[in-house]
Each structure stands twice: as structure tokens, then as C-alpha cells.
Amino acid sequence: MSDSNHNPSYIDTHCHVDLFPSPQRIVEAAEAERIHTIAVTNAPSVFHFTQSITKSCLYVRPALGLHPELVRTHGNELGRFVELLPQTRFVGEVGLDFVTADHEDRKRQLHVFETILARCADAGDKVLTIHSRRASADVIDAIGPSFPCVAILHWFSGPLRDLIRAAGAGLYFSVNPAMTKSIQGRKLITAMPQERILTETDAPFVKLDGRPAQPQDVSVVVTYFAALWKCTPEEARSRVHQNFARALGDFPGATR
Ligand code: MN
């Protein structure tokens with residue numbers, strides 16, 4: 001039975017479960033509350049840990065990642081990334097971070113990201129959660145207009161023109177509590193097509209009332225959407241859930 005019309009779940013498409021002091025507790029809480037969670041990882045060498053603690057989960061999915069800021073130190077794990085890719089449908093955290101002005105570092109990041117995109121395109125059914133800080137135009141260019149997988153721009157903070165281009169290319173946006181609290185974040189959220197919006201926490205990096213966020217805190221974002229969209233929180237939650245179901249194509253159990 002599809003749960004897209006009944007009891008819509010909360011969705012957290014970007015949570016670093018493995019960076020909490022007690023990852024198992026975060027996983028158990030997300031499962032108990034039926035929060036569809038993409039548990040991103042930052043390097044292939046740590047994927048196995050998250051894979052092992054989510055093995056029996058219905059709602060928490062392990063994602064294979066190679067964070068752009070770690071390419072300098074972990075770029076040699078790209079081969080391992082390619083080997084592990086068949087083990088999961090979910091990919092992240094990957095992308096580009098051009099806070100660095102170092103030309104060689106940017107070049108290496110681009111090589112890693114383009115390789116990952118190409119291998120995902122070969123597989124065809126992947127769901128990617130993508131970092132694009134100070135690199136949104138380059139990320140959108142790399143993904144291209146006919147990428148066959150689901151690409152979610154996580155914590156998008158680029159210029160409005162890139163947001164419009166990303167929307168035109170069929171990309172999704174995942175919004176976290178920190179974005180709803182900044183003027184620039186709010187401007188961008190207003191410009192995102194409603195049918196492309198998902199929710200995330202980027203926990204434990206995003207903080208709420210001085211403590212690390214956790215998957216349940218996507219409720220903050222849903223409440224914000226309800227005010228913006230002039231609907232009830234339940235309706236906003238349902239729309240986000242429907243977007244996730246549409247993005248994944250098949251829902252929920254079969255897709256894991
Ligand atoms: Mn992250």
C-alpha cells in the first residue's frame with residue numbers, strides 16, 4: 001500500500017547520521033517516527049559503517065559519498081566509490097565547494113564529481129544529494145540538462161539565476177531549518193518550484209536552539225512552508241512527501 005496519501009511521513013534527504021555521538025540512536029528514532037532519511041556519508045571508507053547500522057531499516061537509507069572538501073585528502077578513494085556504487089541507490093554527499101581558490105583543488109573536485117555523475121548516469125536509477133557552495137553554476141553545468149538520475153541540490157545558496165536554471169533542468173532542492181531563518185535563504189525558497197522542494201536537516205551541522213538538529217527537526221521547515229504556501233502543516237508535509245515519492249518513482253519499501 002502506498003503511504004503517499006495516508007499519514008505522510010517527514011522527509012530528511014540529507015543527514016550525517018554517522019557524525020553524531022550515538023548514530024544508532026538517531027537511526028532508531030528516525031525509524032520509530034517513520035522519517036524517510038538519506039544518511040549521507042563523506043568518504044567511501046566510512047560507507048560500510050552507515051550501511052551496517054541501517055541494514056534492517058525501512059526508512060533510513062545509507063548514501064555513498066565523497067565530500068568535495070575532502071577530495072584533497074580522500075580523492076584517492078574515487079576507485080573505491082565506483083566499486084561500492086552498486087551497493088546503494090543513494091549518493092551523497094558529493095558536489096563542488098569553491099570556497100577554496102586553489103586551482104588544483106578545484107580541478108580535482110571537478111574530476112571526482114564528473115566521474116561520479118558519469119557512473120551514476122551509467123547506472124541510471126540513483127538519487128544524489130549534492131553540495132554546491134560558491135559553485136552552483138559549475139554544479140549545474142556538470143549535471144547537464146539530461147541527467148537520467150534524481151539530483152537534489154542540498155542547502156542551495158547560489159544566485160537566483162542559477163536556481164532558475166537548476167529548476168529548468170529538473171533538479172530538486174532540499175531545504176533545512178537554517179535556510180528558513182536567513183533572509184537570503186527565504187528569498188531562494190520563495191523562488192523554488194513547490195513541486196521540486198524537499199526537506200533536510202544537514203544534521204548535526206545545522207543547529208537549533210544551540211543543539212544539533214536531528215531528522216525530526218524537518219518539522220520546522222514544514223511549518224515554515226505551511227505559512228508560505230498558506231496551507232496547514234499537514235498539507236505542507238503531504239506535498240513534500242509527494243515530491244519525494246515522485247522523485248524516487250516507487251514508494252516506499254521497494255526503493256529502500
Ligand atoms: Mn552535509
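The donor residues of the manganese ion follow the sequence spacing H-x1-H-x76-E-x108-D. Donors are N, O and S atoms within 2.8 Å of the metal (3.2 Å for Na, K and Ca); water is not among the atoms, so sites may look incomplete. The model is predicted: local features need pLDDT of at least 70, side-chain atom pairs count only at pLDDT 80 or more, and totals for chains, interfaces and linings use all residues. Residues are numbered from 1 along each chain as its sequence is written, and side-chain values use heavy atoms, without hydrogens and water.

H14 (NE2), H16 (NE2), E93 (OE) and D202 (OD) coordinate the manganese ion at 2.2 to 2.3 Å. E93 lies in strand β4 (residues 90-95), whereas D202 sits in the loop between β8 (197-199) and β9 (207-208), so the pair ties together parts 109 residues apart in sequence. Helices (H or I, at least four residues) and strands (E, at least two) are DSSP runs, numbered from the N terminus. E93 is buried, at 2% relative accessibility. D202 is also buried, at 6%. Buried means under 20% relative accessible area, exposed over 50%, partly exposed in between (1.4 Å probe, protein chains only).

Helix α1 (residues 23-32) buries P23, I26, V27, A29, A30 and E31. These buried residues pack against β2 (36-39), α2 (47-53) and β3 (60-64). R34 follows α1 and has a positive phi, near 55 degrees.

F225 is in contact (heavy atoms within 4.5 Å) with residues including V175, I189, I197 and V240, leaving aside neighbours within four places in sequence.
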